[in-house]
Amino acid sequence: MGNKNNIVKSSFLTNRRSKRLKKGVTALSTGLCMTVMLSMMAFASGISVSSGSFMSTAETAVTAVVTLIGGGVGIFGVINLIEAYSNDNPEARSSGMKQLAAGIGLIICAQLLVPALFDMVTGL
């Protein structure tokens with residue numbers, strides 16, 4: 001009977017830790033995205049800005065933001081996978097795999113599609 005209570009307590013502690021970790025990842029991703037956007041605004045408020053340098057900076061900023069969002073989603077997926085494997089929950093395991101795949105997809109899109117889109121826009 002005492003052993004069962006210890007298992008419940010350890011499960012509760014891992015759930016509490018995973019919630020804290022998710023909140024930390026969310027705060028970190030949000031902070032990094034805001035930093036990238038604010039640095040973009042600081043660059044744009046300069047005395048003279050050429051359109052070519054503005055577009056290259058915008059490309060860098062958009063790539064960084066999308067990559068950070070993808071990284072955050074991927075980390076959420078990994079956390080959910082760890083939590084699902086520790087609790088032997090197939091539904092949470094499926095959700096974690098989907099989140100991990102979505103995060104990896106966003107990172108790939110940021111690295112491949114965003115530069116291609118900006119090349120199309122600047123080529124007009």
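The side chains of Arg93 and Asp88 meet in a salt bridge, with 3.0 Å from N to O; the term denotes a side-chain nitrogen of Lys or Arg within 4 Å of a carboxyl oxygen of Asp or Glu. The structure holds one such bridge. Arg93 is partly exposed at a relative accessible area of 21%, whereas Asp88 is exposed at 59%. Here buried means under 20% relative accessible area, exposed over 50%, and partly exposed in between (1.4 Å probe, protein chains only).

The model is predicted: local features need pLDDT of at least 70, side-chain atom pairs count only at pLDDT 80 or more, and totals for chains, interfaces and linings use all residues. Residues are numbered from 1 along each chain as its sequence is written, and side-chain values use heavy atoms, with hydrogens and water left out.

The protein chain has three helices and zero strands, and its elements run α-α-α from the N terminus on. Helices (H or I, at least four residues) and strands (E, at least two) are DSSP runs, numbered from the N terminus. Of the 124 residues, 19% count as buried. Among contacts in the protein chain with a separation of 6 or more, 70% join residues 24 or more positions apart, contact meaning heavy atoms within 4.5 Å.

Helix H3 covers residues 90–122. Its 33 residues reach 47 Å from the first C-alpha to the last, close to the 48 Å expected at 1.5 Å a residue; the expected span is 1.5 Å times one less than the number of residues. H3 bends by about 35° at Ala110, the bend being the angle between axes fitted to the seven residues ending there and the seven starting there.

The buried residues of H3 are Gly96, Gly103, Ala110, Val114 and Phe118. Two of these, Ala110 and Val114, are in contact with Thr63, as are Gln111 and Pro115, leaving aside the neighbours of Thr63 within four places in sequence. Thr63 lies in helix H2 (residues 51–87) and is buried, with a relative accessible area of 14%.

H3 also contains Ile104, which is partly exposed at 44%. Ile104, Ile108, Leu112, Leu113, Leu117 and Met120 form a nonpolar surface patch with about 610 Å² of accessible area together. Patches are made of residues with over 30% relative accessible area and no salt bridge; like charges are joined within 9 Å, nonpolar side chains (Val, Leu, Ile, Met, Phe, Trp, Tyr) within 5 Å. The protein chain exposes about 8500 Å², of which carbon and sulfur atoms supply 70%. Accessible areas come from the Shrake-Rupley method with a 1.4 Å probe; for residues, only the protein chains shown count as cover.
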